[in-house]
Amino acid sequence: MKTKLIILSCLVIFLFFHVRKNAPPPNPNEEEFITTLQLEFIDSSGASPSIYALYQDKDGDGGNQPDKWDSIKLKSNTCYYMSITLLDETKTPSDTVSNEIISEGHDHLFCFDVLGLNLSINKIDLDKNGLPIGMKTKWNTGQPGNGSVQVILKHQPDIKTGDCNIGATDIQLTFQLRVE
Amino acid sequence: MRTFVCTLFVITMAMNAFGQNKECTHDLTIIVIDSDTKQPIEGVTAFISKGAQMIHSDSNGEIHFKNLCLALYEIELHHLNHKPHKESILITKNKQPKLVLLNCHIDTLKAITILGKKSNFQKEVLMLSKLKADDLFKSQNFSIGKSLEKINGVYNLSTGNHIQKPIIRGLYGNRVLVIHNDIRLEGQQWGSEHAPEVDAMSIKEVELIRGAQSIEYGSDAIGGVIILKPKSIYKITKTNGEIISGFNTNGKGFAQSLMIEGTLNKMKSITWRMQGDFKKSGNTKTPDYYLKNTGMNEINGSVALGYQSNDFKLSIHHTFFKSKIGIFSGSHIGNITDLYNAFHASKPVDSSGFSYQIGMPYQSIIHQTTKAEMIYQLKKFGAIKATFAYQKNNRDEYEKTTSTLQSDGSYKPSLSFLLNTYQFDLKFSQSTQAKWQGIFGVSNQYQTNEYFASYLIPNYQKNNAGFYLIEKANFHSIFIEIGARFDLNQFAIQKWEQNNLINRTHSYKGFASSLSIKYPSFFFDTYLNLSTSWRAPFVNELYSYGVHHSAASFEIGNSSLTPERTYQISLGLIEKKMKQLDFEVSIYNNYIHHFIKLMPTVPVSTIKGVFPTFIYSQSDINIYGLEWTFSYQFNQKINWSNQGNILKSIDFTTKNVVFGMPPARFSSDLNYQIIKNKKQTIVATLEGVYTMKQKSDNQDYVPPPDAYLLLNADLFIESNIFKIPFKMSLGVQNLLNNKYRDYLNRNRYFANEAGRNISIRILFPFTI
């Protein structure tokens with residue numbers, strides 16, 4: 001009986017000494033996000049300064065409303081070169097996520113949906129397989145008017161064909177667009 | 001594994017001193033004695049054939065039959081705490097008193113009695129379902145979930161073909177307890193894509209308790225309890241083993257298992273067992289296409305050591321479970337637009353050929369359990385059982401978009417959790433001659449959860465203490481069990497909010513109680529159960545925050561949730577006394593006050609687009625249903641068995657059905673016994689399962705899938721070749737190669753279910 005009690009107590013002691021205090025959880029700010037999307041429009045004639053449009057949500061998904069969500073203003077009947085920059089501003093200094101997208105261009109595709117305006121958008125960059133990425137585009141505006149453009153980034157590992165309806169969406173943002 | 005089996009000494013003394021020749025004037029006296037206490041047992045019901053007499057034993061354990069002829073009689077003994085016993089007794093002239101030692105099972109050892117009483121009692125008063133080793137062997141499809149579906153009314157919430165979470169009467173996850181090898185399985189049960197971390201090949205018996213009938217295992221089991229039992233370590237008598245091999249054509253899956261057990265040469269009281277297996281499967285094929293990245297592999301092992309003496313038993317077990325499960329790559333989507341695109345595509349873009357390769361997304365899980373158990377038989381009062389268990393669960397989930405490459409070339413998981421659980425249970429079971437027999441138990445659990453990657457649920461430390469008392473008795477032929485339980489549940493959480501580390505504590509307590517009555521009558525046994533129980537909100541319901549990728553939804557926890565409480569009533573009839581017809585019918589009603597569920601709220605807009613957003617909220621709901629089984633034995637060879645169940649629900653807040661409840665299902669199987677003798681058994685089975693379409697009332701993004709019919713066939717052979725015994729099951733699932741989608745599979749938005757599969761399982765027992 002005594003030995004049995006000793007065995008029993010040893011097991012209890014073993015189990016309860018095993019319990020330890022936890023380390024604090026990792027701060028989510030150490031992860032990678034896309035918080036900011038910047039569109040830069042350069043007038044192909046070089047006549048006017050660059051135009052910027054920004055979407056910025058510094059605390060990431062959910063939480064506070066986006067800090068900045070610009071509308072785009074372009075001139076009519078003009079040709080622009082547009083390039084996209086993606087940032088993770090939860091980091092200091094901020095991390096340029098777009099560099100990774102370019103290096104993995106064969107897995108990514110930007111698409112643009114224009115509503116209510118006569119505007120043509122052509123992708124001018126190509127990945128290693130010869131398919132467009134859409135990080136750099138050429139925009140030809142037509143008559144003045146109001147509308148919107150939706151910027152979509154698809155992650156399409158191993159399945160990229162140039163089709164925009166496949167893969168997982170990393171970005172889907174609608175900007176108000178005014179052509180003057 | 002019939003641990004509940006009790007050993008009975010039946011001392012039979014045939015006294016026929018008065019009898020002469022063939023006159024029916026002889027007497028028979030039987031004295032029934034408990035093998036453990038050596039005390040006579042009162043109230044044993046004895047039946048004798050021919051004269052059809054029924055007598056109860058008196059306080060000396062004596063049963064007197066009178067006016068018997070000089071012939072062979074069948075006697076049957078029944079008692080609450082003991083296994084029924086049957087014997088043929090030949091009444092002879094001047095027959096000497098005969099001492100008969102009866103063991104209900106050849107390999108049953110004495111001390112099993114201790115636990116046996118409790119379980120046996122439960123079997124008496126609670127209406128439960130069972131799967132035996134042969135049922136499990138036949139239905140074994142690499143995961144325990146598929147086997148459980150053989151039990152009427154059990155469904156699985158699946159994610160593809162390899163992740164299955166059992167649903168009992170519409171409830172799952174934290175509301176269903178899985179008891180594996182006598183301890184609560186503690187994995188990340190809150191996740192709907194997290195299957196129980198159990199090696200299906202090591203399980204030899206399954207018991208299922210529906211609803212909150214049993215308070216022994218925890219008050220949070222408001223949906224039910226699944227008891228998974230490996231072979232008992234105390235029942236080993238010689239060195240022997242078992243080899244199981246399995247193969248599936250769909251996914252080219254194979255499994256191999258080896259088990260060896262024995263006793264020490266010099267000390268027969270020390271027993272040991274070692275078991276190990278591995279499983280591997282490639283991409284699942286639907287009738288039209290392969291599902292990319294749906295392979296899996298799993299490695300399991302366990303060691304156990306047991307010791308037993310007359311009044312003491314000790315055993316130590318360690319089990320190791322490791323699995324890597326590929327998640328169908330077409331199911332990983334960004335936002336709701338992707339989901340609609342995937343749903344309306346005629347075939348997933350991500351389709352591929354066959355491959356064993358598992359890429360991202362995938363889950364990687366390691367679950368380890370160490371358990372020590374001690375049973376001490378007290379001289380007069382009963383037994384004490386103490387169990388200690390430590391469980392360690394590592395779960396890493398990798399996703400295509402969020403798993404980042406580390407400097408050493410490996411990927412960092414997008415979700416990573418470590419769950420440590422320490423458990424201590426103490427149980428006292430009384431076995432005196434008093435009318436009321438009881439079990440008193442205390443259980444304590446300490447659990448810590450840590451995460452190392454993205455936030456989904458916070459770190460926490462949880463402590464749960466529970467006390468329970470179960471009393472049972474029989475009055476004439478009515479069996480009664482009453483039980484009450486108190487639980488105290490406390491936990492502290494740590495999470496980041498706006499760069500600040502937040503600490504919060506929660507504390508909940510409550511009572512659960514249950515009353516069960518069994519009334520055996522001439523034709524059938526009636527079971528009635530009334531119970532109430534409660535469940536504290538879990539950490540995910542309080543604090544989850546983020547996008548759920550396979551459902552394209554944003555889930556938000558609600559830290560003001562209160563515990564939910566259930567009030568259940570169920571009534572069942574079981575008839576197994578008629579020669580050809582057996583039936584089982586049960587109806588139930590489950591009212592849940594403050595049921596915790598996900599409700600749609602204002603959509604969240606993120607850089608990935610706008611997400612349908614759900615917040616955890618509470619409302620009062622009611623679930624009610626009907627389950628039935630009837631089987632008819634046409635003749636010695638043909639048996640026809642039918643099952644069905646219908647479940648209805650209402651949410652009193654929305655006046656709608658409760659989202660995600662299982663649709664009605666009916667199944668019918670025809671068994672044809674081709675050969676049945678001592679040497680071999682061959683049985684052919686054809687089964688049809690019809691699953692209805694679920695009414696969703698616009699609570700889902702897309703309409704629920706249509707009703708479907710599946711045909712399955714199985715040929716079971718138990719025989720031997722060159723004196724080597726074996727069991728074999730040759731099965732075909734989805735015989736017609738039907739294209740269908742299942743409402744309870746989260747992949748229903750993206751792809752069809754698996755097509756035809758031919759499976760082979762072979763089991764060789766061996767002795768060394």
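This briefing describes selected features of chains A and B. The model is predicted. Chain A has two helices and 11 strands, while chain B contains an open sheet of five strands with mixed pairing. Gln308(B), a buried residue, is treated separately at the end.

**Chain A: overall make-up**
- Along the sequence, the elements of chain A follow the pattern α-β-β-β-β-β-β-α-β-β-β-β-β.
- Chain A comprises 180 residues, of which 26% are buried.
- Of the contacts in chain A between residues at least 6 apart in sequence, 59% link residues at least 24 apart.

**Chain B: the five-stranded sheet**
- The strand order in this open sheet of chain B is β9-β14-β15-β12-β13, and the pairing is mixed.
- Its edges are formed by β9 (128-131) and β13 (183-184) of chain B, each of which pairs on one side only.
- In general, strands of a sheet pair through backbone hydrogen bonds, in either a parallel or an antiparallel manner.
- Strand β12 (residues 176-180) of chain B runs antiparallel to β13(B), and two bridges join them.
- His180(B) has Ile183(B), in β13(B), as its bridge partner.

**Chain B: Gln308(B)**
- Gln308(B) lies in strand β19 of chain B, which spans residues 296-308.
- Gln308(B) counts as buried because it has 20 C-beta neighbours inside 10 Å, and the criterion for burial is 20 or more.
- Between Gln308(B) and Leu126(B), the separation is 182 residues in sequence and 30 Å in space, C-alpha to C-alpha.

Conventions: Residues numbered from 1 in each chain as written. Chains lettered and ligands numbered in written order. Predicted model: local features only at pLDDT ≥ 70, side-chain atom pairs only at ≥ 80, totals over all residues. Pairing = 2+ DSSP bridges. Helix = DSSP H or I, 4+ residues; strand = E, 2+ residues; numbered from the N terminus. Buried ≥ 20, exposed ≤ 12 C-beta atoms within 10 Å, placed from the backbone. Contact = placed C-beta atoms within 7 Å.
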